[in-house]
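Work through the exercises below with the sequence and the model open. Each task is followed by a solution in steps.

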Amino acid sequence: VLTLYFLNYLKWDKDLSTAIYHAFSGLCYFTPILGAVIADAWLGKFKTIIYLSIVYVIGHVVKSVGAIPSVGNTDAHIALSMVGLILIALGTGGIKPCVAAFGGDQFEEEHVTGAADSAETPRRPSPQTPPPAPPGGA
């Protein structure tokens, strides 16, 4: 859809539209490295998600405003579109690594061991399970 917006609305040629689209996609895959560094070294994952989600939403608003025909001339549409895409990519970079960490946080240590490990070593009872009853029903 983004490439069609470039082609039909901004009247760019196919090569430029494809190049900008792939640059945006590449930026969306690169910025999670920055987001992970920000989350691990500075803000933590909760604040990183909140702050960069705001950047993400602002990017969508700027991009949407840039698509309104009555707002400015072609140069304004291009500038707003590019600023919006950069903000979206930065916001994506802050959300992706932190959300993936939340997925990993859902597992306890007993779930992390692989199938090969569990076949070779006996499992420890988890702290939540009561100890087995002594023989003889006491």
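**Exercise 1.** State which helix holds L90 and classify the residue by its relative accessibility.

Solution. In this predicted model, L90 is found in helix α4. Its relative accessibility is 38%. Buried means under 20% and exposed means over 50%, so L90 counts as partly exposed.

**Exercise 2.** Find the residues that make the nonpolar surface patch, then the element with the largest share of the patch.

Solution. The patch covers about 610 Å² and is made by L27, F30, I33, L34, V37, I86 and L90. Two elements give two or more residues to the patch: α2 (14–43) and α4 (74–105). The largest share, five residues, comes from α2.

**Exercise 3.** List the members of the largest nonpolar core and the elements that give two or more residues to this core.

Solution. The core has ten residues: L2, Y5, F6, L10, W12, F24, C28, L85, I88 and A89. The elements that give two or more of them are α1 (2–9), α2 and α4. For F6, leave out residues up to four places away in sequence; F6 then touches K11, W12, S17, I20, Y21, M82 and L85.

**Exercise 4.** Decide whether C28 and C98 are buried or exposed, and give the number of disulfides.

Solution. The cut-off for buried is under 20% relative accessible area. C28 has 10%, so C28 is buried. C98 is at 2% relative accessibility and therefore also counts as buried. A disulfide needs a pair of cysteine sulfur atoms within 2.5 Å; by this rule the count is zero.

How values were computed:
Residues are numbered from 1 along each chain as its sequence is written. This is a predicted model: local features need pLDDT of at least 70, side-chain atom pairs count only at pLDDT 80 or more; totals for chains, interfaces and linings use all residues. Side-chain values use heavy atoms; hydrogens and water are left out. Patches are made of residues with over 30% relative accessible area and no salt bridge: like charges are joined within 9 Å, nonpolar side chains (Val, Leu, Ile, Met, Phe, Trp, Tyr) within 5 Å. Accessible areas come from the Shrake-Rupley method with a 1.4 Å probe; for residues, only the protein chains shown count as cover. A salt bridge is a side-chain nitrogen of Lys or Arg within 4 Å of a carboxyl oxygen of Asp or Glu. Helices (H or I, at least four residues) and strands (E, at least two) are DSSP runs, numbered from the N terminus. Buried means under 20% relative accessible area, exposed over 50%, partly exposed in between (1.4 Å probe, protein chains only). A nonpolar core is a set of buried Ala, Val, Leu, Ile, Met, Phe, Trp, Tyr and Cys residues joined through side-chain atoms within 4.5 Å. Contact means heavy atoms within 4.5 Å.
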